[in-house]
Structures are given as C-alpha cells and as structure tokens.
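Work through the exercises below with the sequence and the 3D view open. Try each task before you read its solution.

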Amino acid sequence: MATRRGVGLGAFANRTQASQFFANHGANLRSTHLSSLQTQLSVFQSLLHTFALEHSSTIKSNPTFRAEFARICNTIGVDPLAASNVKGKNARRGPGESGSIWTQIMGGDMNDFYFEVAVRVVELCRETRSENGGLLGVEECRKRVGKGKAIGSGLEVTDDDVLRAVKSLEPLGSGFSIVRVGSKQYIRSIPKELNTDQATVLEVIQISGYVSLSMLQLNLNWEKARAQTVIDDLLADGLVWLDAQGKEYEYWSPQNLLDDSG
Amino acid sequence: MTTQIKEEFQFPKTYSFPPFFTPQPNSNTRHSQLQKWSSLIQSYCRHYKLYRLNLIDAIETPLFHNAALKKRVSLPEAREILEFMVGDGRAEWVDSGKGVVWIWWRRPEEWAGLLVDWVESTGQKNVVLTVYELVDGEDSVSQEWHGMDTDVMMKSLNVLVKRGKAQVFGNEGQEGVKFF
C-alpha cells in the first residue's frame with residue numbers, strides 16, 4: 001500500500017507514515033547497536049576484572065606492571081582515579097557498578113595506594129618547600145617516597161605513580177601541579193608561573209649544575225641586567241642557592257639536596 | 001678537644017653542596033639552611049662524642065671546612081649558626097664571651113631520662129654511686145654517656161635533683177649521687 005507513489009492528498013499521510021516508520025526503525029537499530037556495545041563493554045570490563053583479580057598481587061607489588069595496567073585502563077577511557085573522584089560519573093552506570101574500577105577490582109586497595117602516595121608527596125613538598133622554593137623534582141620525590149621515613153613504610157613507586165598521585169590531588173584545588181622544565185618534570189606546590197627566562201636558567205642549571213652571571217651573558221647572549229633580574233627572581237623565590245665563595249657568585253639548584261633532608 | 005679514634009663521620013649530601021657554606025640571602029632558604037646545619041652539627045658531635053665546641057678551633061675542622069670543595073664557614077657565620085641552635089635549645093654558650101659552646105645532641109633533660117631508665121633497669125635505686133663510676137665505670141661502658149664530659153653529667157644530674165629524683169653530695173671532683 002505504501003509502495004504506491006501517491007500524488008493526491010493521501011501522499012502527505014503516506015509520507016508521515018514512512019518517516020515515522022524510518023524513525024522507528026532507526027531507534028530500533030540504535031538500541032540494538034547500543035545494547036551490543038554495552039555487552040561488549042561489559043564483557044571487556046569483566047575480562048579486565050578477571051585479569052586484575054588474577055594478577056592483583058602483581059599489580060600491587062610490581063610498579064612497572066601497575067603502570068602498564070593503568071595505561072590499559074586509560075586507553076579504553078577508564079581513568080581509575082577520575083572515576084573514583086568524580087562521583088557524578090558513577091550515577092550513569094548501572095547499580096552495583098559504582099565506585100572506581102580500582103575499587104571494584106581491588107576492594108579499595110588501589111585507591112588507597114594512590115592516596116597514600118599523594119599524602120607522602122604533599123608531606124614531602126611541604127617539608128622541603130623552604131629549601132627548594134616549592135619546586136620538587138618528580139624523580140627526587142619518587143626516590144624519597146621509596147625510602148620512606150616511618151618504620152617499614154618505604155613505598156616502591158614509579159614516576160608514573162607519583163604523577164598519578166599528584167593528579168589525584170587536582171579535585172582538591174590544592175594548587176599542586178606538574179611542570180616540565182627542560183628534560184625534567186617537577187611537582188610545583190606553590191602556585192607561581194615561571195617565565196621563559198627563569199625556565200631557561202633552570203634548564204641550564206640542570207645541565208651544568210650551576211650558573212653564574214657571566215655564563216648567562218656568554219652563552220645566552222643576555223645583557224647583564226636581564227641575567228641579573230632573572231637570577232634575583234629565582235633567588236627571591238628560593239629556587240636557587242647562592243655560593244659566594246668562588247671567583248664569581250654561583251647559583252645552584254637545591255634539587256639534589258633532598259636525600260638527607262630532615 | 002678529644003677526638004676518639006673511630007670510623008670517619010659520613011657527611012650528608014648537603015656537605016657537598018657548595019652554597020651550603022654561604023649564608024643564604026633568601027630568608028626561607030636561610031631558615032632551611034640553618035636547620036640543616038643544626039642537624040649536621042648534632043650528628044657530627046654525636047658521632048665523635050663531642051659535648052662542646054671551641055669555635056676558633058672548630059672552624060678549622062672538617063665540620064666547618066670542606067677541604068675537597070675548598071669551601072668554609074666563616075667565624076661570624078659559625079657564630080650565627082650556633083646562635084640559631086641556642087634559640088632551638090640545641091646548644092648553649094659555655095662562657096659569656098661566646099667562644100665555647102655546648103652542643104646538645106642530647107639535652108640534659110634527655111640524658112637525665114636515660115640515666116633514670118638505666119638506674120631502674122639495673123636495680124641501682126637508692127644506691128650511692130660516684131659520678132666517676134657513672135661516667136667511666138665498667139658498668140656504664142655500653143651506655144651512650146660513657147666517657148661523657150663531667151660538666152654535662154653534672155648538668156644532667158642537676159635536672160634530676162630539681163625533680164627530686166636524685167641527690168648529689170660531696171666535694172667538687174668527687175661527687176656522689178643517689179637516685180630515688
């Protein structure tokens with residue numbers, strides 16, 4: 001009936017009918033598609049679940065393995081930490097699926113693990129703020145967290161774990177962030193921007209261990225006033241230490257001081 | 001100063017950091033520097049069992065003079081570090097001229113606590129001991145205060161006297177003590 005091409009008034013009715021039919025069919029297709037995707041996702045999640053359960057002890061104890069696992073989660077768009085921190089996200093999932101994927105899999109252990117690392121990182125940043133001006137190398141931080149101060153509390157972590165832990169602090173608006181200077185990553189615990197000149201000088205210090213005014217003038221072709229300003233700023237922020245006992249004033253980065261602080 | 005023959009003190013990493021020997025212009029950095037000096041001086045003195053430092057002599061020792069780096073702490077700077085420690089209760093000037101200083105890697109109160117524990121655990125309450133016995137006697141060889149500066153021992157005992165936990169008697173040089 002509907003196949004006959006009408007030309008009269010009936011055509012309007014036919015057209016509405018047809019478009020309704022198509023809309024219905026489209027909705028059907030979408031829902032089958034959706035349910036098949038949902039099935040796929042749940043299959044994948046359950047596989048991930050089984051995998052994580054099977055290897056849970058390895059994930060907990062082996063930092064490299066843990067980082068890889070976290071990477072897989074990230075690739076499929078499951079951010080374990082974001083999922084646990086943003087409660088709203090859980091609302092869209094089915095019942096019984098609330099909580100982050102870490103929590104589901106490891107019974108809260110993994111979340112706790114990252115929060116514990118985060119606590120250490122915050123402690124360390126606060127403790128060393130006066131010595132390094134609030135800029136702490138991720139690598140130094142990892143080593144220090146690995147050593148641990150309290151009895152038997154050394155946590156073996158990777159740089160990745162530290163970065164993840166710092167990221168988990170973001171929702172708190174605590175001002176902890178990661179900055180990259182040259183080839184190194186730093187945790188910045190004092191909200192302050194480095195300008196390009198300051199970053200350049202810190203980069204030079206990474207390579208040569210220290211800088212002096214004449215080094216900056218010679219190698220970067222800076223005028224003396226410019227070099228002096230940058231150095232003064234860095235000194236005022238506590239990001240470099242002064243050695244006045246050489247031929248010329250030398251400015252050193254306190255980054256490798258950390259091992260014995262406290 | 002008496003330095004016992006003992007294995008070398010392991011200096012911390014800060015000691016190889018050249019700016020450590022220059023007073024830092026930034027006040028936050030300065031504070032952190034002073035704290036590091038304080039803990040270095042305490043562990044150095046603890047290692048060599050030094051109870052007092054003579055400043056003039058001390059600035060020539062490895063503690064304040066890093067020969068490898070060719071860096072040293074000047075006399076005024078050393079004085080400032082020690083003033084900081086005095087403020088922290090970790091040092092005390094022996095004389096008003098501020099030339100010699102006690103380094104309290106354990107404060108007299110802390111020594112007093114150790115003494116009381118030792119006396120109790122060895123059952124020497126109400127026994128009269130001579131100060132010489134306490135410091136140099138065979139019984140205390142294993143204790144941290146063995147060979148201690150007698151003045152420091154007297155200071156520590158006086159803490160206990162004030163608390164009514166000990167009584168000191170006898171002439172100077174041959175005091176006896178009784179713990180309650």
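**Exercise 1. Chain B: range of contacts**

Task: Find what share of the contacts in chain B, between residues at least 6 apart in sequence, join residues at least 24 apart.

Solution. Start with the term: two residues are in contact if their C-beta atoms, placed from the backbone, lie within 7 Å. Take the contacts in chain B between residues at least 6 apart in sequence; 55% of these join residues at least 24 apart.

Before going on, note that this is a predicted model, in which local features need pLDDT of at least 70, side-chain atom pairs count only at pLDDT 80 or more, and totals for chains, interfaces and linings use all residues. Residues are numbered from 1 along each chain as its sequence is written, while chains are lettered from A and ligands numbered from 1 in the order in which they are written.

**Exercise 2. Chain B: confidence and outline**

Task: State the mean pLDDT of chain B, then describe its elements and its box.

Solution. Step one is confidence. pLDDT is the predictor's confidence in each residue, from 0 to 100. Its mean over chain B is 87, and 97% of the residues reach 70 or more. Where pLDDT is low, the predicted coordinates should not be read in detail.

Step two is the element count. Helices (H or I, at least four residues) and strands (E, at least two) are DSSP runs, numbered from the N terminus. Chain B has 6 helices and 8 strands. From the N terminus, the order is α-β-α-β-β-α-β-β-α-β-α-α-β-β.

Step three is the outline. Along the principal axes, the C-alpha atoms of chain B fill a box of roughly 55 × 30 × 25 Å. Of the 180 residues in chain B, 28% are buried. Buried means that 20 or more other C-beta atoms lie within 10 Å of the residue's own, with C-beta atoms placed from the backbone.

Step four is the domains. Their bounds come from an automatic or database domain assignment. In chain B, domain 1 covers 13–103 and domain 2 covers 108–179. Their C-alpha centres lie 29 Å apart.

**Exercise 3. Chain B: a sheet and a hairpin**

Task: Give the strand order of the open sheet with 3 strands in chain B. Then trace the hairpin of β7(B) and β8(B).

Solution. Two strands pair if DSSP finds at least two bridges between them. The sheet order is β1-β5-β4 (chain B), with antiparallel pairing. β1 (52–54) and β4 (91–93) of chain B are at the edges with a single partner strand each, so one side of each has no neighbour in the sheet. From one strand to the next, the twist averages 25°.

Now zoom in. β4(B) and β5 (residues 100–103) of chain B are antiparallel and joined by 3 bridges. Trp93(B) has Val101(B) in β5(B) as its bridge partner. Helix α3 (residues 75–87) of chain B packs on the sheet and touches β4 and β5 of chain B. The direction of α3 makes about 110° with that of β4(B); axes are lines fitted to C-alpha atoms, for helices over the stretch in contact, and angles run from 0 to 180 degrees between N-to-C directions.

Next, the hairpin. β7 (residues 166–169) and β8 (residues 176–179) of chain B run antiparallel, with 4 bridges. Ala166(B) stands opposite Phe179(B). There are 6 residues between the two strands, and Gly170(B) in the turn has a positive phi of about 95°.

**Exercise 4. Chain A: a sheet**

Solution. Buried residues make up 29% of its 262 residues. The sheet has 3 strands in the order β4-β6-β5 (chain A), paired antiparallel. β5(A) is joined to β6(A) by 3 bridges. Asp243(A) stands opposite Glu250(A) in β6(A).

**Exercise 5. Where the chains meet**

Task: Which element gives the largest share of the side of chain A that touches chain B?

Solution. The contact takes 16 residues from chain A and 16 residues from chain B. α7 (109–132), α12 (224–236), β5 (241–243) and β6 (250–252) of chain A each supply at least two residues of the side of chain A that touches chain B. The largest share is 3 residues, from β5(A). For the complex, the predictor gives an ipTM of 0.79 and a pTM of 0.71.

Notes:
Buried ≥ 20, exposed ≤ 12 C-beta atoms within 10 Å, placed from the backbone.
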